[in-house]
Amino acid sequence: MFEGGLYPYWIVIFLMMTGLYVVISRDNLVKKVIGLNIFQVSVIMFYVAMGKVRGGTAPIEAEGFTIYSNPLPHVLMLTAIVVGVATTALALSLVVRINEAYATIEEDEIRELEREEEA
Amino acid sequence: MTGGEADLITRVSDDLPALQIAVPLLSAAICLLVRRARAAWAVAMVVAWGSFASACVLLSRVLQSGTISYAEGGWRPPWGIELRIDLLNALVLLVVTGICAIVLTASPRSLDQEVWREHHHKFYALYLLCMTGLAGMTITGDAFNIFVFLEISSLSSYALIAQGTTRRALTSSLQYLVMGTIGGTFLLLGIGMIYMVTGTLNIADMAVQLAAVGPNRTVLVALACIGIGTGIKLAVFPLHIWLPNAYTYAPAIVTAFLAATATKVAYYVLVRFVFSVFGAPLAFGELRLDAVLMPLAIAAMFAGSFVAIFQDDIKRMLAYSSVAQIGYMVLGLSLASVSGLTGGLVHLFNHAIMKSGLFLVMAAVVLRMGSTRLDAFAGLGRRMPFTMAAFVVAGLSLIGVPLTVGFVSKWYLVVGAIEGGLWPVAVLILLSSLLALIYIWRVVEVAYFRQPPEDAPEVSEAPASLLVPIWVLAGATVFFGVFTSLSVGLASAAARMLFGVEL
């Protein structure tokens, strides 16, 4: 079951579920953003793991090396990292604005304030 | 015209697919630099209408000479990134750019009220960025590129929603951001799994490789991930919870824009992956996607409409109605037949027109009344006759009354259901339309048969800058309800193409 070659994917699944659980279960908005980050990182890890070839080197032509890792998924993840940074920055700036508007970043307290507003 | 000029024109028009993305992207930066509200609007207007014109040219070219393939930077597909325009995405591109242009035309007066003037140039920059992302998702032929453009459009739409006047806009935007990012990441994961199986990112190439591999566990999980990812962006019931808040608290212009474009492009992405990557036999035959989507679609049709009936805020009511209408589109997909998919695609076209029209009416009402609560509509039928008449026309279309576009799409959905031997589904489509009748009627009743309160301030008709776009869209709901050759013709040709039936 626990094959050595597949262990990166077990880590991916663990990180993914951790991230998703943090996003769902935490009321603190900053913690939610952290959870979101862990979730995104798991997918980055997934791509990096799939591109790695056992015994392969960096894909640079040199004498004596014939097995290379696949560089494409790694390059794709550069873009995904940029996307993740942009998302985090936007999320945190929203959290700052929410803190200014509600004087709290706890979701349950915000919901309470919104309910009072509606009543 | 000299030879050189003609040569330049052909070269530019050959590059139209790339310009469709590059021009709005660069113009967004220009909007930031000009800093003046009206100047930025003028830039955005030129770009948006130019994009629409270019989408029309591309569509006519696709109709004339078939699929356009454009190798970005001269790198040949499947290695380089390909922009690939066929009947399906030419139609979606036409809808997206058309709605972008019309809503942008209506925006200045409404924005003056809802967004600080110093921020207008940034608003238009975000608007153009969002348009870049949506157009990019539509025309790209590369799976990873879809993710990148999805994030461009999503990030800018989170920022657009956060511009709303109340602090609820901020929490709604963050809620959408969290869900949207989870959706985008699931899409990325799904694309990664297909890449694992096929070793390619080019959509056309993926289809070839996948057909050779056949169904296995990885492909199944990839389909599930892509289904969840696009499902969140598309707001398929029960993944729709971000939508009502986001649409309610965003500035009215943003709602009109996003309601008609963002979910439609997500629907397109789902259709593209299901048919062009996995292929109908695999997705419906082996993996039974239809069995998952159909109950959800029917639940959306009823739950969305039912909740809409009890809303006091009409903007929120229309948001829940969107959840129901998305249900119809997904139902069209899940019928897994040419006429069903035709219904879904026609509804994409039609719903974009009527919902953007209805949300622009909300923009006009907010502008004059300062609120979209049901009470604010009292007596508006007499006080804003043209605006409310447009609401009635678009509302009739939402219900699906003959001679409007809503009837056309429901007709094809019902035909698709009956062809598939699913009589109960056809009945459910008709029943859920009655719910739409109830929620539209509530507004019409208040607007036309209830007197405004004694101390109500004088209200004048909406300004022409809003009224003209509203009536263009309301007119379009009737026009395309009568002359269906463009919408239905294209949608059925696209559906037959996706099912691989001879044209």
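Across the interface of chain A and chain B, 8 residue pairs are in polar contact, both partners being at pLDDT 80 or more. The model is a predicted one.

## The interface between chains A and B

Four helices of chain A, namely H1 (7-25), H2 (29-51), H3 (71-102) and H4 (107-118), each supply at least two residues of the side that touches chain B. H3(A) gives the most to that side, with 17 residues. In total, 35 residues from chain A and 29 residues from chain B take part in the contact. The two chains bury about 2,900 Å² between them, and 80% of this area is on carbon and sulfur atoms. The count of salt bridges between chain A and chain B is 2. One is formed by Arg168(B) with Glu114(A), where the closest N and O atoms are 3.2 Å apart.

## Annotated spans of chain A

An unreviewed UniProt entry carries the annotation "transmembrane region" for residues 6-24, 36-55 and 75-96 of chain A. In the model, residues 6-24 of chain A are 95% helix and 0% strand, and the end C-alpha atoms of that span lie 28 Å apart. Residues 75-96 of chain A are 100% helix and 0% strand, with 32 Å between the end C-alpha atoms.

H20(B) covers residues 464-482 and has 19 residues. From its first C-alpha to its last it reaches 26 Å, close to the 27 Å expected at 1.5 Å a residue. Its buried residues include Leu466(B), Leu467(B), Pro469(B), Ile470(B), Leu473(B) and Phe480(B). Also buried in H20(B) are Ala474(B), Ala476(B), Thr477(B) and Gly481(B). The cover over the buried residues of H20(B) includes H4 (87-114), H15 (338-369), H17 (385-399), H18 (405-419) and H21 (485-498) of chain B.

H18(B) has 15 residues and reaches 21 Å between its first and last C-alpha atoms, close to the expected 21 Å. Among its buried residues are Val405(B), Val408(B), Leu413(B), Val414(B) and Ala417(B), together with Gly406(B) and Gly416(B). Ser409(B) and Lys410(B) of H18(B) are buried as well. The buried residues of H18(B) pack against H14 (314-334), H15, H17, H19 (423-449), H20 and H21 of chain B. After H18(B) comes Gly421(B), which has a positive phi near 75°.

## The loop between H17 and H18 of chain B

Leu403(B) is found in the loop between H17 and H18 of chain B, and Thr404(B) has its place in that loop too. Leu403(B) has a positive phi of about 75° although it is not a glycine. Its relative accessibility is 58%, so Leu403(B) counts as exposed. Thr404(B), by contrast, is buried because its relative accessible area is 6%, which is under the 20% limit for buried residues.

A polar atom of the Thr404(B) side chain lies 2.5 Å from the backbone oxygen of Val401(B). Leaving aside neighbours within four places in sequence, Thr404(B) is in contact with Val393(B), Leu396(B), Ser397(B), Thr477(B) and Gly481(B). Two of these partners, Thr477(B) and Gly481(B), are among the buried residues of H20(B).

## The loop between H9 and H10 of chain B

The loop between H9 (217-234) and H10 (242-249) of chain B contains Pro238(B). The peptide bond from Phe237(B) to Pro238(B) is cis, with omega near 0°. Ala235(B) is found in the loop between H9 and H10 as well. Ala235(B) is not a glycine, yet its phi is positive, at about 65°. With a relative accessibility of 0%, Ala235(B) counts as buried.

## Ser51 in helix H3 of chain B

Ser51(B) has its place in H3(B), residues 37-65. Ser51(B) counts as buried because its relative accessibility is 6%. Not counting residues up to four places away in sequence, Ser51(B) touches Gln20(B), Pro24(B), Thr97(B) and Met131(B).

## Accessibility of single residues

The relative accessibilities given above are collected here.

| Residue | Relative accessibility | Class |
|---|---|---|
| Ser51(B) | 6% | buried |
| Ala235(B) | 0% | buried |
| Leu403(B) | 58% | exposed |
| Thr404(B) | 6% | buried |

Methods
Residues are numbered from 1 along each chain as its sequence is written. Chains are lettered from A and ligands numbered from 1 in the order in which they are written. This is a predicted model: local features need pLDDT of at least 70, side-chain atom pairs count only at pLDDT 80 or more; totals for chains, interfaces and linings use all residues. Side-chain values use heavy atoms; hydrogens and water are left out. The expected span of a helix is 1.5 Å times one less than its number of residues. Buried means under 20% relative accessible area, exposed over 50%, partly exposed in between (1.4 Å probe, protein chains only). Contact means heavy atoms within 4.5 Å. UniProt positions are given in the numbering used here, feature names are shortened, and annotations may be inferred rather than shown by experiment. Buried area is the accessible area (1.4 Å probe) that two parts lose on being put together, summed over both. A salt bridge is a side-chain nitrogen of Lys or Arg within 4 Å of a carboxyl oxygen of Asp or Glu. A polar contact is a pair of N or O atoms within 3.5 Å; within protein, one must be able to donate a hydrogen and the other to accept it, and residues adjacent in sequence count only if both atoms are side-chain atoms.
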